[in-house]
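Dear colleague,

I am handing over the structure that we spoke about, and I would be glad if you could look through it alongside the notes in this email.

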There are 8 protein chains.
Amino acid sequence: MIDHKLDFAREERTGVAEAILGSGKSAEQIASIVETVLSAEARMLITRLDPEKARALGRFGEQVRYDALSGTAEVGVPRIVSSVPAVAVVAAGTSDMSVAQQALRTLAFFGESATLFADIGVAGLWRLTERLEEIRQFPVVIAVAGMEGAIFSVLAGLVRAPVIAVPTSVGYGVSEGGHAALSSALASCAPGVLVVNIDNGFGAAAAALKILNVGRG
Amino acid sequence: MIDHKLDFAREERTGVAEAILGSGKSAEQIASIVETVLSAEARMLITRLDPEKARALGRFGEQVRYDALSGTAEVGVPRIVSSVPAVAVVAAGTSDMSVAQQALRTLAFFGESATLFADIGVAGLWRLTERLEEIRQFPVVIAVAGMEGAIFSVLAGLVRAPVIAVPTSVGYGVSEGGHAALSSALASCAPGVLVVNIDNGFGAAAAALKILNVGRG
Amino acid sequence: MIDHKLDFAREERTGVAEAILGSGKSAEQIASIVETVLSAEARMLITRLDPEKARALGRFGEQVRYDALSGTAEVGVPRIVSSVPAVAVVAAGTSDMSVAQQALRTLAFFGESATLFADIGVAGLWRLTERLEEIRQFPVVIAVAGMEGAIFSVLAGLVRAPVIAVPTSVGYGVSEGGHAALSSALASCAPGVLVVNIDNGFGAAAAALKILNVGRG
Amino acid sequence: MIDHKLDFAREERTGVAEAILGSGKSAEQIASIVETVLSAEARMLITRLDPEKARALGRFGEQVRYDALSGTAEVGVPRIVSSVPAVAVVAAGTSDMSVAQQALRTLAFFGESATLFADIGVAGLWRLTERLEEIRQFPVVIAVAGMEGAIFSVLAGLVRAPVIAVPTSVGYGVSEGGHAALSSALASCAPGVLVVNIDNGFGAAAAALKILNVGRG
Amino acid sequence: MIDHKLDFAREERTGVAEAILGSGKSAEQIASIVETVLSAEARMLITRLDPEKARALGRFGEQVRYDALSGTAEVGVPRIVSSVPAVAVVAAGTSDMSVAQQALRTLAFFGESATLFADIGVAGLWRLTERLEEIRQFPVVIAVAGMEGAIFSVLAGLVRAPVIAVPTSVGYGVSEGGHAALSSALASCAPGVLVVNIDNGFGAAAAALKILNVGRG
Amino acid sequence: MIDHKLDFAREERTGVAEAILGSGKSAEQIASIVETVLSAEARMLITRLDPEKARALGRFGEQVRYDALSGTAEVGVPRIVSSVPAVAVVAAGTSDMSVAQQALRTLAFFGESATLFADIGVAGLWRLTERLEEIRQFPVVIAVAGMEGAIFSVLAGLVRAPVIAVPTSVGYGVSEGGHAALSSALASCAPGVLVVNIDNGFGAAAAALKILNVGRG
Amino acid sequence: MIDHKLDFAREERTGVAEAILGSGKSAEQIASIVETVLSAEARMLITRLDPEKARALGRFGEQVRYDALSGTAEVGVPRIVSSVPAVAVVAAGTSDMSVAQQALRTLAFFGESATLFADIGVAGLWRLTERLEEIRQFPVVIAVAGMEGAIFSVLAGLVRAPVIAVPTSVGYGVSEGGHAALSSALASCAPGVLVVNIDNGFGAAAAALKILNVGRG
Amino acid sequence: MIDHKLDFAREERTGVAEAILGSGKSAEQIASIVETVLSAEARMLITRLDPEKARALGRFGEQVRYDALSGTAEVGVPRIVSSVPAVAVVAAGTSDMSVAQQALRTLAFFGESATLFADIGVAGLWRLTERLEEIRQFPVVIAVAGMEGAIFSVLAGLVRAPVIAVPTSVGYGVSEGGHAALSSALASCAPGVLVVNIDNGFGAAAAALKILNVGRG
């Protein structure tokens, strides 16, 4: 058996605890890593974990808490989550909810809470403007959108907070796989849009945590 | 010498008179085509004509009218342009002006006038909203934008007119060549966005003319 | 549960009622949206809905009308459809029928009727020419084709109506996913071809509606 | 100095004499190859040769015959060209003429003559149909087109001869570089279209020669 | 029901009888087309037909002859196949056999026989050289290869016959989907390589038939 | 003349003052915008401004301060720059210096100072490790790299600060245009890497400013 | 039945015995090849063999030894494996283990042993540095990584051995399919990185064997 | 002025002395680096240096030795070059000579000599076979080719030495930029082909040196 070299010092070093990708690993490999984590009385987040593999972790009981919508599992003792939401998670459509939820779950894993703003698409701009003042109160904004990703530019032109854009693989034809939304985010005419990989709600949350830490010294 | 088979019946057949691309043809080839057109007492538009080739057409005098910003030349007797603007041409940035001007010039060639709305970028949404009521009065809207092309979706979600999106090659990195704006236009979450090739202000104007003809029977 | 922010004012604002993508949403999410629509006594179209998810909407009875060929479902009270077809829908091959049907269903949802011209491929040009006079009577033409999409240029060179090109994902090798047909539509040498995303029969119909509205004032 | 290993036996072996690409080689390298060819009393074709490099070959006089439109140079004693044209070269637009001319020059280098059909674009289908009977008389057809390359499918659906498609780099936006036309040729719904590289008029002519040789035993 | 506009005059017009793609059509659509063909006492080839859809054609008995390796079905009365093979079909590897077989079946449908040369990869060049003299006897060569497609250039440099390259989707990583082999065929340094779409054994055979017809007047 | 709709309220609204792209605009267009800015006693940054266009701004004297290495020009009264550097700008190679300088200039325009860490490539890891403790003192890190962009992941795995990755167009072959470095940044296995467009030092600096503002309330 | 032309002389000629790809071949085709190999008392490696096809080889018993993790099967008499490991196989993550194992199995098939260094990712650089001295003892290093592939450059900057980079298809979004890791490997700023196709552990091992043979004369 | 952090320990650490890219750096930046190197009495290679920048290094006299064909400059005291050539550099065409020369110059900089085999294209296979025995004597082979890169597979199937493939940017259409040759090299059906970036003769030579060092212990 492979001896897993987990990076338990990562949180100390970078502020962000270790997380692993569930896709690309077999259920056996994941279970073996979970065991190593639990033996070390450590914590870990698993992302992109499909329900079938999650079931194979059933024997760990409450030590592994799976959420199907986001495809994430928390391993180890849960952290107490802050009661003051510090991040606005803005999702463009219902199809983007699983990635938005991935960001929310990751923030909770880190002890942060966040507020979800759903169905904020630009085709009906009033859906954004009616909630804009509320969104503007947050120090960090995570925006989650597929298709053409126009929301990234519109939002970043309206708020003071850094906007972390998470393109999603929602779409078909030219937007299949999320590349159109990714290009929109990177090419945004609004300065200060920061971009993570397609569907990477985890990365956006990790970056948001790092940014919040700047504010907290 | 090649005997040019110009399609003088095209306007009769499709409602849109013949136009040719200046790029990819030598100055000699273009001059020879112009001669054929003038001999036939016909009219033609040349697009993507660079200044150097335009100079080589100087001998035709006022029969060939060149516009440097748009890179277009009108050949033959000008048509009287309608006094009522029927098309709103919305340009996102100063860099998009040459393509917007190409659309305006093409419309004038067809006898249509249009109103230009410049600097309507989404990073400052007020620039759009303060002119929205005015734009909403037009039966057809041509939107011209490079970078991430977010304006296409925002605009199409706010007006009743068909929106013809012209992505431009303005940008760098992922938006170099206009492919990011093109994908945004095609993937737009706002229904009813119609798209033409990158930098194709001519095609947008030709389509606008066809749409106006629908309204006029 | 998420509170759906549906855009019921969209039809008033843009002339096109709200529609949602079935792909990328779970059956539960879709059912929940349908409930919101029906409670509001509104109407909605669902596109790209696979049969399995459609079955999960069975409990809504006749309030949700599914069509398997096009993968669309109409939600709410049907609108009376005009008896005069206003749009010609030209499909290049049998494989393009599901996208053509998506356009037809969308037009019907909007209250418009259309005439389908099937099997109009360019490899046998007589199939187009023998029906050309008929097609030329329509104020708007939607052309649906995969493979190399040559029909877009041929058709647009022969009719006065605006031609809305819908590239389809029919094909293999270089035409897999519809990108060859999309490029053909955008690069068309015939002026005035307007393009929507691959397989987007809905978008073509929405644009056709907007164009017809131009004619109707 | 490099000792050039020219493949003088290629014509014997494959029916097609050696040719070299002028682009990518310095004027000195080309002159040195020409010397080797002339010393061997052999023949060679140079393609993609720009005028500046051609001038550097001036000292060889009539032994090197340059044609600026096609960018080709014949080296060595000219072959007698057949008086019966065996190939129809169909060019879609004026911008495609340099590639069409490359094919014509290559055929002449091989001793074949051909007939050029210019300005045969599909946006004005009558330009094709009025010459169709003439084109149908040829045993082999070379079709040269950029933009969306719709002519390849239309033509191949109308003639018995094999159609060799030469996509050209004429175009902009999605057709820049010739990739849209290339995909159209490969994805053609008309069976029996044969394709060569973008702008490769030489390759089309070489293949036409091989096909004609089939007919001649 | 849709009334199929089949192109029964295609063989007369182009020398190649109609064929349809099985992929992208439902079993019902295909069965309906088959009925139209059989009612007209015509013949047709179906390509890219998977076994499941083929089973749905079982009720037509011997009038529809399916071959699983190539995924093709012949519809109608079989033609007598020539006893003299006129085409060499060279396949690079075992994985390319289904595409090679598609070419063989298509040739047989047209009444032509062919000789298969299997396992002719360039990594073991002796496999080609030991059969080269035999291959050189054929007036037309079809070469079928995936991966890097090096065989196309090697073969075309050794034979007088036109070489029709069929890139296959065999491979993984950079050769997944057949694009590496396609580029190799198009970029071949050996003049006279003619290329068809990835996996398009049918198109190669149709072109071969057209070429053979050149030879036969 | 076009009346420029500059977005002078942007700084108030988003914390980042307006900036424009010099590329894609003519010298006349830029001069006209500069005049508008100066008349309004406002400030503006111009990026991607080549030396020739910069010279055309010479008549504005010290009101327009051009820096050739970064291709940026400051317009208007300079802001006092903080004496405490708040951002570490890490550049992988000498070729990346112009983009790094663009970030430094932008920060100075915003009133922030930064420290440059040059020649921090991963091929000689000691160059990073010997300065790591110093870099770790900064609340925000901007990393600038072309080629394969490996530094992004290495750095992000070692520091607590958010890392803003700026891929540069430095490289050739697969890294030409900066796409390899961009993909590396987005796909980074180190959580919390935030990415901006290729060569977009301005965007990185704008985002850094927004992040610093989080810290300052 | 096809008569397989296996290349039994390949080992003699190139130092590397024949291997075949299991993907793209049917179970029957593979079994038939295995029979030919066993009849010839030869040896062969099968790669990319899925478990279902492997089961179909069960009747060959111990003559075909399948390993599920790597998807490889050894055919024929096993070779004695050297007791001195000559290759370091460095894998970046658990998801890369199947490709690493493919390399290990291939080396064993050739009679070489290797040492696996697992979980050597750059996000936790200590995992590399703590084993660096050990890795530096090997004459050849194979590095296996997906995602952004930063390990290739870091490792190559630290060791004297040639580094063979095997990008893997591990990842999602921009790294889906392994193209980001592939570009990283090719664009590496560390000189002397040698690259094989995505997921091609076999090719890396074959090259390692050839390199070791250089050392052994 | 920037203080250059050159990696003088790289040769000690990795066996390969530092080299820098001339492209992307200004003449001033390069001159400044050269000064640093000469002051340290070290050696360095500059690659991709165009003649204009090379002239700007004229003041260093014989300490900087420029070669125009390869675009390389050696800085510092030349090393004595081995009298026994250890590497075969095989170039497919005249256009590939500058990259081949880059490899030769790099090897000489490292003290190795090599033998050049020019004009070894596969379209005339005899050019390879007549020199094959000679090539087979070398422990390492570098193959340099653009276009379709078929030579990589053919060569690797015939020799025992590891083959390092250097795709070149020679070609047009689908082979423009060298991507077709790169894909061919990576997808090679001949095991053991090792690949470097397009036009990277330097990298190939550095890897060859590392491989030779394996042989020398």
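Predicted model: local features only at pLDDT ≥ 70, side-chain atom pairs only at ≥ 80, totals over all residues.

Residues are numbered from 1 along each chain as its sequence is written, chains are lettered from A and ligands numbered from 1 in the order in which they are written, and side-chain values use heavy atoms, with hydrogens and water left out.

Let me begin with chain F and chain A, where the contact (heavy atoms within 4.5 Å) takes 37 residues from chain F and 37 residues from chain A. Together these two chains bury about 2,800 Å², of which 61% is on carbon and sulfur atoms; buried area is the accessible area, taken with a 1.4 Å probe, that two parts lose on being put together, summed over both.

For chain E and chain H, the contact takes 20 residues from each of the two chains, and about 1,700 Å² is buried between them, 74% of it on carbon and sulfur atoms. Here too the count of salt bridges is zero. By contrast, no contact joins chain A and chain E, whose closest C-alpha atoms lie 16 Å apart, and none joins chain C and chain F, where that distance is 21 Å.

Turning to the helices (DSSP runs of H or I, at least four residues, numbered from the N terminus), helix H9 (residues 201–215) of chain A and helix H9 (residues 201–216) of chain F have axes that come within 6 Å and cross at roughly 50°. Axes are lines fitted to C-alpha atoms over the stretch in contact, and angles run from 0 to 180 degrees between N-to-C directions. The contact is made by A:Ile211, A:Val214 and A:Gly215 of H9(A) with F:Ile211, F:Val214 and F:Gly215 of H9(F).

Within chain G, the axes of helix H4 (residues 97–109) and helix H9 (residues 201–215) come within 7 Å and cross at roughly 40°, and H4(G) and H9(G) are therefore oblique to each other.

Definitions and conventions:
Helix = DSSP H or I, 4+ residues; strand = E, 2+ residues; numbered from the N terminus. Parallel < 35°, antiparallel > 145°, perpendicular 65-115°, else oblique. Salt bridge = Lys/Arg side-chain N within 4 Å of Asp/Glu carboxyl O.
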